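Colleague: I would like to learn how to read a model of this kind, feature by feature. Could we go through one together?

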Amino acid sequence: MKKLFFVFVFLLVLGALAAAAGVVGLYFWAAEDLPGFRKITDYRPPLVTTVYARDNQILGYLYSEKRFLVTLSEMPDFLPKAFLASEDASFYQHEGVDLGAIFRAMIRNLQAGGIKQGGSTITQQIIKRLLLTSEKSYQRKLKEAILAYRLEKYLTKDEILTIYLNQIYLGSRAYGVEAAARTYFGVHVKDLTIAQAALLAGLPQAPTRYSPFRDFESAKARQKYVLGRMLVQGWITQEEHDKALAEPLIFKSMPDPSWQIAPYYLEEVRRELIDRYGEDMVYSGGLHVYTAVDLRHQEYATRALREGLIASERRRGFKPQVEHIDKAKYEEFLAASDMPERTLVAGAWVKVLVTEVTGAGATVRFGDKTGYIATENLNWAKGRLSPGDVLWTTVLAVPGEAVEQKPDKPGQKAQAALTPAQAAAQAQESAKPQEAVKAGPKASGRPVWRLGAQFEPQIEGALVSMDPRTGEVLACVGGFSFERSQFNRATQALRQPGSSFKPIVYSVAMDNGLTPATVVMDSPFYYRDPWSGKVWSPGNYGGDFMGPMSIRSALAKSRNLVTIRVAQQVGMKKVVDRAQAMGLRGDFVPYLPVSLGAVAVNLLDMCQAYSAFARDGTTVKPRFILTVKSAWGEDLFDSKPETTVVMTPQTAYVMAGLLKEVVRAGTATAAKVFGRPMAGKTGTTNDFQDAWFMGFTPYLLSGVYIGYDQPRSMGNGETGGRGALPIWIAYRQGVENDYPVQDFERPPGIVMADVDGISVPFKEGTERGSFAIVDEETERVLFADPNAPLARGEDLLKQMF
């Protein structure tokens, strides 16, 4: 018997050793090629980059995974408990692996004849998501268990739980509990109720299957399960359980302002960020980007450009077409057209879907909101609409408020913006408020927005406005609709600036002996190219000639032939050098047509160039991004004004004075409606293909361009003064009163003297200098200064006249 006993013990020990060896071998087999923990211990998940306006309102989000990092302290206590109740109730007791759960899962899998249940702890789930694959195999499960055990020696339980609640995918493109709270309930995680938290905690096992957007009953069943588990664990009371179970669940996503409020501005910021940091950092780095955009300026700029483009089309008798979509695309349209309610003030533009048409008007939807277009406000669309049609509208009144005509600050009581045409013609009239809008149709008890039909023009344009003191770009609109075209005409389009280029020519002239009083002949001009032999003979707008005139008057009236003669005298090489020094990046060559704006440039660069006139002779580089911080608040970038000296302060001041004359008595007299010092220059290209206006004060510089993307005539008479200037005026009327009246500061070395009976600035010592230019072939005097000493000046004037 003893022998048998010893044999039995020996075999038992041998079996134990074999089992131990097997376990060790199994361990080493599973532990082969295990990854390190750096990805977890230095947890840096893909996070949303948030872009802010200057008042810290959110301009938009940039991301590959919609995830917002939150800490346990920022969550209500019941939220982590809801997830623990659903996924790992013994989380704070085990050491990364729950052997009981694994045993139960093993029995379940043996019964099912395959792997149906995992029994993974939250720690194991993190290992699987961040370090391993989702492969269902016993080797992967062993690797997972080993790593989970090790991880709990590196991180605390709270740290592991924080990672889990930020990493977990919860459906509908929401990663982490903060994104899920915003997506399903339209709140931040700190504002969730127990009922809402329980519903979110039921999603991890199958986010798509249990999504309340897809299957409410399944989502509700999971919520009930989680609440029951929380009650069993003693984490909520019976009263809290019953109250949460009875709480109505209202699903509403938090509005995403991305590409809604200022899409062209956001796109320019996105492009600049990628150039600076690369796509991975921009879409995954969780950056906090603070920009210079002023949303009031942006809103007025958007309205003004859209109204101005429509006004331009109306002058040509444009007949808009109705866009129609199939029912299958309704939900896609509504999801894309959702707008934050704070932006839906009077005058705001909204693209809507027609759902019903009656004799009284049309009921429409946009996002989760309802609108109504009364028959009298259908305009061009009267009698042409049917359900499924899509059209642009403007808000006439928000629910419960009145319609008014005079524009005011966005966010105040309902007021519809004036069109640019009205702004130019009626700027000094006080608009009278109309009758309050009667209560409109109710949409299941929801508020109804009163709207007016608009149409989508074919013509395009852009508007940029910046603070010339700092270079901060306050508004940037790159086209009629970002949805229609993401091409930013303010920063990417290259178009001929026409006469808006002339101030650059005259700034060179002021540095080369000419003065505002210099008289130049406005008469036919012929130039023979010495290489080709071709003759160039430009003309003035209107085809007339005004004879001898001062530079002051020639610039104000935008006389082409005077500009050409001035450019010829000072030398086109100097003009080209000045243009490039001021920030213009076109293909400049020293040919005379360049003096009339024949080289294509972009609007943003023109704003930089004009900043020299608004400042002290230095240009300032436009700035969209002011500061960038990391997800953890570290300073990554802090922009400062970048200035370049391009002319003397005296030349800049003289030019500002000459450009004020354009507004006082030239091609931009419509801007006199403001009754304050303003300077600017219109621009029109051949065959009316492009229309510009660049206007500025010491505190605000704004530029407008309009034209077709594929260059063609906008129609006879569509000049800068008619097409672009009214847009500029409409925008500035919305923001001008935010600034005190201010004139340009006179630098030392400037004196005032009369030219044509008007007091204009001169550089000290030039107010009575003599200057003449003689045509070498004809010996005819082309320029003369009437302030010259009489002996010389009289002879010159006799030859000219």
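Colleague: Leaving aside its neighbours within four places in sequence, which residues is Tyr-265 in contact with?

Modeller: Bear in mind that this is a predicted model. Contact here means heavy atoms within 4.5 Å. On that basis Tyr-265 touches Leu-59, Thr-291, Ala-292, Val-293, Gln-298, Val-473, Leu-474, Ala-475, Cys-476, Arg-623 and Phe-624, with neighbours up to four places away left out.

Colleague: Which residues have the most contacts inside the largest nonpolar core?

Modeller: Tyr-265 is one of them, along with Phe-501, Val-566, Leu-584, Phe-588, Phe-696 and Trp-728, in a core of 147 residues. Apart from that core lies another, of 54 residues, which includes Phe-91, Ile-122, Leu-199 and Tyr-210.

Colleague: Cys-476 was in your contact list. How many disulfides does a search of the whole structure find?

Modeller: The test is a distance: two cysteine sulfur atoms within 2.5 Å. The search returns 0 disulfides. For Cys-476 the nearest cysteine sulfur belongs to Cys-607, at 9.0 Å.

Colleague: Is Cys-476 buried or exposed?

Modeller: Buried means under 20% relative accessible area. Cys-476 has 0%, so it is buried. Cys-607 also counts as buried, because its relative accessibility is 0%.

Colleague: How many bridges join strand 22 to strand 23?

Modeller: There are 6 bridges between strand 22 and strand 23 (residues 691–696), and the two run antiparallel. As one example, Thr-684 has Ala-691 in strand 23 as its bridge partner.

Colleague: What span should the 17 residues of helix 22 have, and how far apart are its end C-alpha atoms?

Modeller: The expected span is 1.5 Å times one less than the number of residues. For helix 22 this gives 24 Å, and the end C-alpha atoms are 24 Å apart, so the two agree.

Colleague: How many residues of helix 22 are buried?

Modeller: Of its 17 residues, 12 are buried, so helix 22 is largely enclosed by the rest of the structure. Among them are Tyr-653, Met-655, Leu-658 and Glu-661. In the protein, 54% of the 801 residues are buried.

Colleague: One more residue: where is the place of Gln-223?

Modeller: Gln-223 is in helix 10 (residues 216–232). It counts as buried because its relative accessibility is 0%. Beyond four places in sequence, Gln-223 touches Ala-195, Ala-198, Leu-199, Ala-244, Leu-245 and Leu-249. Gln-196 is 27 residues away from Gln-223 in sequence, with 8.4 Å between their C-alpha atoms.

Colleague: What share of contacts do residues 24 or more positions apart account for?

Modeller: They account for 70% of the contacts in the protein with a separation of 6 or more. The secondary structure comes to 24 helices and 28 strands.

Technical notes. Residues are numbered from 1 along each chain as its sequence is written. This is a predicted model: local features need pLDDT of at least 70, side-chain atom pairs count only at pLDDT 80 or more; totals for chains, interfaces and linings use all residues. Side-chain values use heavy atoms; hydrogens and water are left out. Two strands pair if DSSP finds at least two bridges between them. Helices (H or I, at least four residues) and strands (E, at least two) are DSSP runs, numbered from the N terminus. Buried means under 20% relative accessible area, exposed over 50%, partly exposed in between (1.4 Å probe, protein chains only). A nonpolar core is a set of buried Ala, Val, Leu, Ile, Met, Phe, Trp, Tyr and Cys residues joined through side-chain atoms within 4.5 Å.
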